Amino acid sequence: YCSSQLPREINVRQGSGTWHGELLWRCAPVLCAYLELEFKDRTTAPRVLELGAGLGLVSMVAALLGAQVVATDLECVLPLLQRNCAMNNLDHALEIACLDWEKPADRFKSGFDLLLASDCTFFVEHHALLVSCIRLLLTSSCRMLLAHAERREHVTAHLLEKLSGLHVREVDVEAAQTLARNNERWPSGWNVFDNA
């Protein structure tokens, strides 16, 4: 992943695909491009928590953009996440931690300005668990950005049903689309939902 907004290129290595978190899914670069625009004029470093960080691309981009980041995923995915951060000399620029969506530790329940999730919505059966976790972690001072690929219409409808009550809206991403298309890394059929 490279961009004129970042001081250097970020490379990631995928795993064997045994776990979904070992693959780079198409929403990660989309959310990265959106974050570039979001963070462009920030004067303070936001505290960011990423759910389902997988290979770590979104967390690494957020860290390079100046955020204080905690990248989380399942225990089985963390070694690959750690290797990717180390490979990009970012292993000391962000914190890596295990977060179980069923019972997130209390330390994740406050102190964050932004909650990120990218392509964690592939399986309908995970929606309730993800949204339940998001509800536990969101505070009045925390905002959520959830990148979702539209693969099947009923999956998106189910996700939006689960997100009801969080006051989410689909964000206007035209400027981010232009940025990403210029870098030839923009997939079609995706959304970023925001609760602001």
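This is a predicted model: local features need pLDDT of at least 70, side-chain atom pairs count only at pLDDT 80 or more; totals for chains, interfaces and linings use all residues.
Helix H4 (residues 124–137) packs against helix H5 (residues 153–163), with an angle of about 25 degrees and axes 9 Å apart. Angles under 35 degrees count as roughly parallel, so I noted H4 as roughly parallel to H5. I also looked up the handedness, and H4 passes H5 in a right-handed crossing.

Next I asked myself which residues make the contact. From H4 I wrote down Val124, His127, Ala128, Val131 and Arg135. From H5 I wrote down Val155, His158, Leu159, Lys162 and Leu163. I then sorted the residues of this contact and got 6 nonpolar, 2 polar and 2 charged.

My next entry is about the largest nonpolar core, which has 35 residues. Which of them touch the most other members? I found Tyr1, Ile10, Leu35, Phe39, Val61 and Leu116. At least two residues of this core come from each of helix H1 (27–39), helix H2 (57–64), strand S2 (68–73), helix H3 (78–87), strand S4 (114–118) and strand S5 (143–149). H1 gives the most, with 8 residues.

Leaving aside neighbours within four places in sequence, I found Leu35 in contact with Val58, Ala62, Leu65, Leu114, Leu116 and Leu145.

Apart from this core, I found another one, of 23 residues, and its members include Leu49, Val131, Ile134 and Leu138.

How values were computed:
Residues are numbered from 1 along each chain as its sequence is written. Side-chain values use heavy atoms; hydrogens and water are left out. A nonpolar core is a set of buried Ala, Val, Leu, Ile, Met, Phe, Trp, Tyr and Cys residues joined through side-chain atoms within 4.5 Å. Buried means under 20% relative accessible area, exposed over 50%, partly exposed in between (1.4 Å probe, protein chains only). Helices (H or I, at least four residues) and strands (E, at least two) are DSSP runs, numbered from the N terminus. Contact means heavy atoms within 4.5 Å. Axes are lines fitted to C-alpha atoms, for helices over the stretch in contact, and angles run from 0 to 180 degrees between N-to-C directions. Angles under 35 degrees count as roughly parallel, over 145 as roughly antiparallel, 65 to 115 as roughly perpendicular and the rest as oblique. A crossing is left-handed if the near helix is turned anticlockwise from the far one by less than a right angle, and right-handed if clockwise. Ala, Val, Leu, Ile, Met, Phe, Trp, Tyr, Cys and Pro count as nonpolar, Asp, Glu, Lys and Arg as charged, and the others, Gly among them, as polar.
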